Amino acid sequence: MENKALEQLFESYTGKIPGKTERITSAGSNRTYYRMTAGGESYIGVAGTVAEENRTFCALAGHLASKGINVPRVYAVSEDGMCYLQEDLGRESLFDRISPGRMAGRYSEEEIALLKKTVAKLPEIQIRGAEGWDFSRCLYSKAFDRRSVMFDLNYFKYCFLKTSGIEFDEEKLEDDFETLSGLLLSCGSDAFMYRDFQSRNVMIRDGEPYFIDFQGGRRGPVYYDLASFVWQARSDFPQELKDTLVDTYLEALKKYRDVDEAEFRNNLRLFVFFRTLQVLGAYGFRGGFEKKKHFLESIPYAVANLGELLPFISGICPYMAGIFTRIVSMPGFMKKPEPVNPLPGNLKVRIFSFSYKAGIPEDASGNGGGYVFDCRAIHNPGRYAQYRSKTGLDREVKEFLEGRGEVAAFMENVCALADAHVEKYIARGFTDLMFSFGCTGGQHRSVYCAEALAAHLASRYGIGITLVHREQGIEKQL
């Protein structure tokens with residue numbers, strides 16, 4: 001194992017040598033995560049780069065658990081604070097569970113129920129989490145104050161706005177920053193603010209949400225976390241679902257305090273605006289400076305959130321509203337329009353995964369074949385020993401592929417082509433369409449992509465789909 005200190009901590013706590021250690025892909029954290037098993041028991045080993053960050057997480061985990069909140073138990077911490085062992089909550093995050101809805105642009109009843117269950121837990125974290133917690137122990141910022149507000153606004157200005165190519169008057173922008181800061185800070189600050197409450201930080205175990213990555217929490221207003229979750233850019237929730245989640249949250253919050261709903265919703269819009277600016281700054285930095293493409297691909301979704309807020313923004317920050325009017329109309333920042341669902345037809349779609357070594361699948365329909373997508377440019381999980389016996393159907397491989405961001409961009413383009421073709425075929429009364437995904441062994445990348453397209457088309461259109469993983473001998477009907 002590459003981290004000897006973590007291995008020693010595992011042995012010290014369990015009395016066993018880890019029989020298997022698997023590195024877990026993480027999206028944006030500097031911490032390194034491992035799934036460590038011995039004697040049929042599984043733990044998550046965490047190696048951090050900042051001891052104080054690790055200690056803050058462990059202290060908060062103990063505090064929140066004492067309030068009955070679903071968080072991982074921390075079993076052991078190294079003397080220097082650089083690594084620790086925590087409870088293994090499984091492999092599936094809320095982000096994973098709702099991925100079919102996210103890809104299809106339509107969330108199922110099961111997905112909506114899980115989202116509602118998650119957001120209903122938020123007031124408990126915020127209100128009960130603040131009870132008895134010493135906020136002086138928080139990492140970096142202790143409270144949502146003017147300094148932290150201006151930090152995020154300047155993050156937006158320097159990492160997104162200045163790189164966008166839009167000319168602006170810096171003094172007028174700063175005037176609006178001051179106005180916005182004053183309004184945000186007038187909304188109260190008496191709760192535990194999770195800071196990064198989003199679907200990647202919620203694990204699903206036995207149908208229940210469990211919460212991770214709360215070490216950046218601080219004293220703050222209740223609105224910030226709700227805005228982060230409901231308006232998470234890439235989730236792209238439809239307005240009706242956003243309204244449902246806000247209503248669910250308010251009902252849960254009323255168990256802890258009286259709520260003026262009109263005032264609450266007005267304040268929430270302020271924080272949606274503010275959080276979107278912070279997110280654009282993060283996307284600009286991660287995409288433009290760190291060259292992580294999937295962050296750049298998320299920018300149009302955040303910009304779309306800004307577009308919905310323009311009437312509200314113009315009433316409080318008129319200069320910024322003018323800037324955003326220009327931003328939302330820039331082609332590079334616009335979301336691709338979703339196709340209109342056609343009426344169901346008699347079209348049958350066949351989707352294959354295959355190995356190029358064994359040749360491209362034959363088209364038994366006699367139509368000569370259809371689209372063939374080469375997945376070999378996507379980073380190959382098969383190069384790593386821990387994935388060689390697995391396929392694109394396994395959670396570990398999915399996490400590997402999704403964590404790098406390449407597959408999301410690839411599938412976005414594939415789905416756009418597939419949508420256009422399916423709609424045209426239905427309109428013309430055609431009955432057969434074929435898509436094939438190939439990679440080196442027909443085991444990892446091609447299987448994942450074939451599954452993703454099948455889920456996308458099944459959710460969007462009233463058509464029959466046959467999915468074939470040729471090299472695995474799997475065929476199923478959707």
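Which residue in strand 5 is the bridge partner of Ala76? The partner is Leu85.

This is a predicted model, so local features need pLDDT of at least 70, side-chain atom pairs count only at pLDDT 80 or more, and totals for chains, interfaces and linings use all residues. Residues are numbered from 1 along each chain as its sequence is written, and side-chain values use heavy atoms, with hydrogens and water left out.

**The sheet**

Ala76 and Leu85 are bridge partners. Strand 4 and strand 5 (residues 83–87) run antiparallel and are joined by three bridges. Strands pair if DSSP finds at least two bridges between them. Helices (H or I, at least four residues) and strands (E, at least two) are DSSP runs, numbered from the N terminus.

The open sheet has five strands in the order 1-2-3-5-4, with antiparallel pairing. Strand 1 (20–24) and strand 4 (74–77) are its edge strands, each pairing on one side only. From one strand to the next, the twist averages 25°. Helix 1 (residues 4–14) packs on the sheet. This helix touches strand 2 (32–38), strand 3 (41–47), strand 4 and strand 5, and its direction makes about 50° with that of strand 5. Contact means heavy atoms within 4.5 Å.

**Helix pairs**

Helix 9 (residues 239–253) packs with helix 5 (residues 109–130) and with helix 8 (residues 223–230). Axes are lines fitted to C-alpha atoms, for helices over the stretch in contact, and angles run from 0 to 180 degrees between N-to-C directions.

| Pair | Angle | Axes apart |
|---|---|---|
| Helix 5 and helix 9 | about 40° | 8 Å |
| Helix 8 and helix 9 | about 150° | 11 Å |

Helix 5 and helix 9 are therefore oblique to each other. Helix 8 and helix 9 are therefore roughly antiparallel. Angles under 35 degrees count as roughly parallel, over 145 as roughly antiparallel, 65 to 115 as roughly perpendicular and the rest as oblique.

The contact with helix 5 includes Leu115, Val119 and Ile127 of helix 5, and Leu241, Leu245 and Tyr249 of helix 9. In the other pair, Leu226, Phe229 and Val230 of helix 8 meet Lys242, Leu245, Val246 and Tyr249 of helix 9.

**Nonpolar cores**

A nonpolar core is a set of buried Ala, Val, Leu, Ile, Met, Phe, Trp, Tyr and Cys residues joined through side-chain atoms within 4.5 Å. Buried means under 20% relative accessible area, exposed over 50%, partly exposed in between (1.4 Å probe, protein chains only).

The largest nonpolar core has 93 residues, and Phe273 and Phe324 touch the most other members. Helix 10 (residues 261–289) gives the most to this core, with eleven residues. Neighbours within four places in sequence aside, the contacts of Phe273 include Leu180, Leu306, Ile313, Met320 and Phe324. Apart from this core lies another, of 34 residues, among them Phe400, Ile426, Cys439 and Leu457.

**Loop residues**

Most residues other than glycine have a negative phi. Arg195 has a positive phi of about 85° although it is not a glycine. Arg195 sits in the loop between strand 6 (191–193) and strand 7 (202–205), and counts as buried at 17% relative accessibility. Asp206 has a positive phi of about 55°, and is not a glycine either. Asp206 is in the loop between strand 7 and strand 8. At 77% relative accessibility, Asp206 counts as exposed.

Gln215 lies in the loop between strand 8 (208–211) and strand 9 (218–220). Gln215 is buried, with a relative accessible area of 8%. Not counting residues up to four places away in sequence, Gln215 touches Arg31, Glu53, Thr56, Phe57, Leu60 and Leu139.
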